[in-house]
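This briefing sets out selected computed features of one protein structure. Please read it alongside the sequence and the coordinates.

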Amino acid sequence: MTGTSGGGFCLMVEGLSLAGMTETPAVVVLGQRPGPAIGLPTRTEQGELEFAIHAGHGEFPKAILAPANVEECFWLTVKAFNLADKYQMPVIVLIDNYLATSYTTVPPFALAKVTVDHGLLFPDSSDIKPEEYKRHKVTESGISPRAFPGQTAELVVTDSDEHDEVGHMIEDAKTRNEQMDKRLRKTIGLRKDIARPSRYSLESAETTLIGWGSTYGAICEAVDTLQREGLASILSIFRNSGLFLPKT
């Protein structure tokens, strides 16, 4: 896991692509700031969603989680680790300066509800010989059984270049297509982990305000103000496990 802001994240996007190619779980907390460049480094702006979604070279699965408040920062970070391990991919927790620098009182976290999902691990009891282990084995789900380098008898091989099932570098089109399709199949399962947008206020509203992330509180206030002025409105916001997928 690493924490960064827009400029630092931009400089390290090659590492994000590396995690995508080697199918290495990684969690990045990205604190947005107004840009371009350094912009207003002490102010808040939600201007990096498209950048986060499309960051990287080529196509590979990733997830972007956008917490609405400090409490969700905790729970979505837990989810980020589980998604990263389960789908063996990078996950970005997209916050902003407001969430990063605010002081907020929240109820104690119910730590008993925290679950840990390491995903599909290569079993020690497998009848496959250690030398036959394939780190990037082609599977229907796109998820290959994962062994931990140096902690098991299996030799874990991977490469930043395109590779075969074993992990050795290749250049032929057939293997390239197989591995690309394998990685992108992860999005089929990943879609099942998408929560529906939360809704706030009237069901019969004529006006809908849509937002995501830490804009939740501000938009709720706007909805309440519109209602006091006799204008029916409703808020739909991507929060509470909201998740964005790259185009495939």
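The points below cover the basis of the values, the nonpolar cores, the helices, the backbone and the surface.

The model is predicted, so local features need pLDDT of at least 70 and side-chain atom pairs count only at pLDDT 80 or more, whereas totals for chains, interfaces and linings use all residues. Residues are numbered from 1 along each chain as its sequence is written, and side-chain values use heavy atoms, with hydrogens and water left out.

**Nonpolar cores**

- The largest nonpolar core has 17 residues, and Leu-83, Met-89 and Val-91 have the most contacts inside it.
- A nonpolar core is here a set of buried Ala, Val, Leu, Ile, Met, Phe, Trp, Tyr and Cys residues joined through side-chain atoms within 4.5 Å; buried means under 20% relative accessible area, exposed over 50%, and partly exposed in between (1.4 Å probe, protein chains only).
- Helices (H or I, at least four residues) and strands (E, at least two) are DSSP runs, numbered from the N terminus.
- Another core, of 15 residues, lies apart from the largest one and includes Leu-49, Ala-52, Ile-92 and Trp-212.
- Not counting residues up to four places away in sequence, Met-89 is in contact (heavy atoms within 4.5 Å) with Thr-24, Pro-25, Ala-26, Pro-61, Lys-62, Ala-63, Leu-83, Ala-84 and Leu-190.

**Helix 2 and its surroundings**

- Helix 2 is mostly covered, with seven of its ten residues buried: Val-13, Leu-16, Ser-17, Ala-19, Gly-20, Met-21 and Thr-22.
- These buried residues pack against helix 1 (6-11), strand 2, helix 3, strand 4 and helix 6.
- Leu-16 belongs to helix 2 (residues 13-22) and counts as buried because its relative accessibility is 6%.
- Beyond its neighbours within four places in sequence, Leu-16 contacts Phe-9, Val-28, Ala-55, Phe-60, Lys-62, Pro-90 and Ile-92.

- Lys-182 is placed in helix 6 and counts as buried because its relative accessibility is 0%.
- Leaving aside neighbours within four places in sequence, the contacts of Lys-182 are Glu-23, His-136, Lys-137, Val-138, Thr-139, Gly-142, Ile-143 and Ser-144.

**Backbone features**

- Just after helix 2, Glu-23 takes a positive phi of about 55°; this residue lies in the loop between helix 2 and strand 2.
- Glu-23 counts as buried because its relative accessibility is 1%.
- Gln-88 is not a glycine, yet has a positive phi of about 50°; Gln-88 is found in the loop between helix 4 and strand 4.
- Gln-88 counts as buried because its relative accessibility is 1%.
- Gly-35 and Pro-36 are joined by a cis peptide bond with omega of about 0°, and Pro-36 is in the loop between strand 2 and helix 3 (49-54).

**Surface**

- Val-114 is in the loop between helix 5 (97-101) and helix 6 (173-184) and counts as partly exposed because its relative accessibility is 31%.
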